[in-house]
Amino acid sequence: MLARQPWQSLRPLIPGDEQEVESRLAALREYARQLLEWNRGVSNLISRHDEPRLVERHLLESLLPARLIASSGAKRLVDFGSGAGLPAVPLALCGIGEHWTLVESRRNKTLFLKKIQQDNKLRDFVVMTGRLEVLVEDGAPALACDAFTSRATAAIGPTLAMAARIVEPGGSAFLWKGSSYEQEMDAARSEWEQAWRLERVTTLADGPNVVATFVRK
């Protein structure tokens, strides 16, 4: 199944020289293989309907903003609701950011993330089991960051409220959202605009999904 997927579409998104691109593409292939293996035998990580389009639906969408995140200068990133590791694992495997903290409340999924970390010898890569709002309340030091990522998790208002507590001023939040993003922003605009400024909205591929970039005031 993986061999038939559009791996070549990822090449322009992977930073580095030719040798680095080949190495990172191989790491992405191995991550995808393990993801499908766990999805079928251990834990439900992604929809079964998404398996035949894993590259297009998940890896490509995770990597499309890679250069945007790199250009922000972000070095310490927190990924909220990491699930199967999307987008954090593909971004980390491609050298985006220097330190990642992945937060996921479901233990079966954090076990998968820790195996990916171990197998890929990912350094400066922390997996935390728990709800982000609880961990923030407890003041977990690993959560201090200059960028925050979240893909298809909570609504924009509560997500940015949590992110505002851990992202330093001048830092960024990159939120992968569906077609309802404008309604979500409008619904809580008076709240999130106290701490954030909307910088840009980037359409992913042909849409309707986007990445909304916010800058911490």
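This is a predicted model: local features need pLDDT of at least 70, side-chain atom pairs count only at pLDDT 80 or more; totals for chains, interfaces and linings use all residues.

Colleague: Which residues of helix 5 are buried?

Modeller: A general point comes before the case. An α-helix has 3.6 residues a turn, so residues three or four places apart point the same way. In helix 5 (residues 107–119), the buried residues are Lys109, Thr110, Phe112, Leu113 and Ile116. Seen down the axis of helix 5, these buried residues fall within an arc of 155°, so they line one face of the helix.

Colleague: Against which elements do the buried residues of helix 5 pack?

Modeller: They pack against helix 1 (18–41), helix 4 (88–93), strand 2 and strand 3. Helix 5 also lies across strand 2 (99–104) and strand 3, and runs at about 165° to strand 3.

Colleague: Which residues are buried in helix 1, and which helices do they pack against?

Modeller: Among the buried residues of helix 1 are Val21, Leu25, Leu28, Tyr31, Leu35 and Trp38. The buried residues of helix 1 pack against helix 2 (54–63), helix 4 and helix 5.

Colleague: Which residues do ring pairs link into a cluster?

Modeller: Tyr31, Trp38 and Phe112 are linked in this way. A search of the whole structure finds four aromatic pairs.

Colleague: Let us turn to the sheet. In what order do its strands lie?

Modeller: In general, strands of a sheet pair through backbone hydrogen bonds, either parallel or antiparallel. Here seven strands form an open sheet in the order 3-2-1-4-5-7-6, with mixed pairing. Strand 3 (125–129) and strand 6 (196–203) stand at the edges with a single partner strand each, so one side of each has no neighbour in the sheet. From one strand to the next, the twist averages 20°.

Colleague: In what sense do strand 1 and strand 4 pair, parallel or antiparallel?

Modeller: Strand 1 (residues 76–80) and strand 4 (residues 145–151) pair in the parallel sense, over four bridges. Within this pairing, Leu77 has Ala147 of strand 4 as its bridge partner.

Colleague: How many bridges join strand 6 to strand 7?

Modeller: Seven bridges join them, and the two strands run antiparallel. The bridge partner of Val201 is Ala212 in strand 7. Strand 6 and strand 7 form a hairpin with six residues between them, and Ala205 in the turn has a positive phi of about 50°.

Colleague: Which helix lies across strand 5, and at what angle does it run to that strand?

Modeller: Helix 7 (residues 156–163) does, at about 150° to strand 5 (167–177). Helix 7 also lies across strand 1, strand 4, strand 6 and strand 7 (210–216).

Colleague: What should I look for in the backbone of the loops?

Modeller: Most residues other than glycine have a negative phi, and most peptide bonds are trans. Lys121 is not a glycine, yet it has a positive phi of about 50°. Lys121 sits in the loop between helix 5 and strand 3, and is exposed with a relative accessible area of 68%. Ala152 likewise has a positive phi of about 50° although it is not a glycine. Its place is in the loop between strand 4 and helix 7, where Ala152 is exposed with a relative accessible area of 64%.

Colleague: Which residues does a cis peptide bond join?

Modeller: Leu86 and Pro87 are joined by a cis peptide bond, with omega about 15°. Pro87 lies in the loop between strand 1 and helix 4.

Terms used:
Residues are numbered from 1 along each chain as its sequence is written. Side-chain values use heavy atoms; hydrogens and water are left out. Two strands pair if DSSP finds at least two bridges between them. Axes are lines fitted to C-alpha atoms, for helices over the stretch in contact, and angles run from 0 to 180 degrees between N-to-C directions. Contact means heavy atoms within 4.5 Å. Rings of Phe, Tyr and Trp (its six-membered ring) pair if their centres lie within 6.5 Å; planes under 30 degrees apart count as stacked, over 60 as edge-to-face and the rest as tilted. Buried means under 20% relative accessible area, exposed over 50%, partly exposed in between (1.4 Å probe, protein chains only). The arc is that of the directions from the helix axis to the C-beta atoms.
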